[in-house]
Every structure is written in C-alpha cells, then in structure tokens.
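Load the model and keep the sequence beside it.

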Amino acid sequence: MDFIAFALHLANFMAPAAVMPVLLWPLVRLAFGKAAKSPGFLHQWAVQFVVGLAVLLAGLVLLGRDGKMTTYAALVCAAATCKWVMLRGWRR
C-alpha cells in the first residue's frame, strides 16, 4: 500500500468522527436554542471528534474490522452524550 492509499484509508476511517459533530451542532441549536454560556463550535467539534475517533478505534479493535453498524451506533450515542455533557456543564 502506497502513501496515497494509506492517507485515503485513514481519511475515510476518520470521516464519520469528523462529520458527526458538524451534523449534530445545528440540530441541537434548532431544538434547544443557544445556551447562555455554551462553548464555541470549534471547541465542541474538537472534543466530539476526539471522542468519536476513540469510539471508532475501539470498534475496530473489539470487532476486528471497520464499518460495522454497531460501531456507528456507538458513535452516535457517544456524540450525543458528549454534546449533552458539554452543554450541561457550561450552563452552570
């Protein structure tokens, strides 16, 4: 496998963790409005990206391959939980 193929595989592995916070942010803003003391978009994206990457890596290690629906379901649950914890912690 050459470098280009490796970089594309790595980018495709990381893509769900990078896109999930982008999709979740406007939905939460639409549902709950802007919190008085909520963290900025970049801060929320970075935290959720790291958590999502950890979930994807755990799914890869535990299940033996990438792309299992169980891993993606865990990613959605982890992203929503992370978002809830961040917004709850900033409102105090």
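**From one tryptophan to the whole fold**

Trp 25 lies in helix H1. Helices here are DSSP runs of H or I with at least four residues, strands are E runs of at least two, and both are numbered from the N terminus. This is a predicted model, where local features need pLDDT of at least 70, side-chain atom pairs count only at pLDDT 80 or more, and totals for chains, interfaces and linings use all residues. Residues are numbered from 1 along each chain as its sequence is written, and side-chain values use heavy atoms, with hydrogens and water left out.

The classes are buried (under 20% relative accessible area), exposed (over 50%) and partly exposed in between, with a 1.4 Å probe and protein chains only. Set aside neighbours within four places in sequence, and Trp 25 is in contact (heavy atoms within 4.5 Å) with Phe 41, Gln 44 and Lys 83. Phe 41 sits 16 residues from Trp 25 along the chain, yet their C-alpha atoms are separated by 7.6 Å.

Now zoom out. The protein has 3 helices and 0 strands. Its pattern along the sequence is α-α-α. The C-alpha trace spans about 50 × 25 × 20 Å along its principal axes. Take the contacts between residues at least 6 apart in sequence: 71% of them join residues at least 24 apart.

How far can the coordinates be trusted? The predictor's confidence in each residue is its pLDDT, from 0 to 100. The protein averages 87, and 90% of the residues score at least 70. Among the elements, H2 has the highest mean pLDDT (93) and H3 the lowest (88). Where pLDDT is low, the predicted coordinates should not be read in detail.

Next, the interior. Of the 92 residues, 25% are buried. Which residues make up the largest nonpolar core? There are 7: Phe 13, Ala 17, Phe 49, Val 55, Leu 56, Leu 75 and Ala 78. Such a core is a set of buried Ala, Val, Leu, Ile, Met, Phe, Trp, Tyr and Cys residues joined through side-chain atoms within 4.5 Å. Helices H1 (3–32), H2 (41–63) and H3 (69–90) each supply at least two of its residues. H2 gives the largest share, 3 residues. A second, separate core has 5 residues, including Met 20, Leu 24, Val 28 and Ala 79.

Beyond its neighbours within four places in sequence, Ala 17 is in contact with Gln 48, Phe 49, Gly 52, Leu 53, Leu 56 and Leu 75. Leu 53 lies in helix H2. Its relative accessible area is 25%, so Leu 53 is partly exposed.

Thr 71 belongs to helix H3. Thr 71 is buried because its relative accessible area is 5%. Leaving out neighbours within four places in sequence, Thr 71 is in contact with Val 55, Leu 56, Gly 59 and Leu 63.

The accessible surface comes to about 6,300 Å², and 74% of it belongs to carbon and sulfur atoms. Areas come from the Shrake-Rupley method with a 1.4 Å probe; for residues, only the protein chains shown count as cover. Leu 10 is in helix H1. Leu 10 counts as partly exposed because its relative accessibility is 40%.
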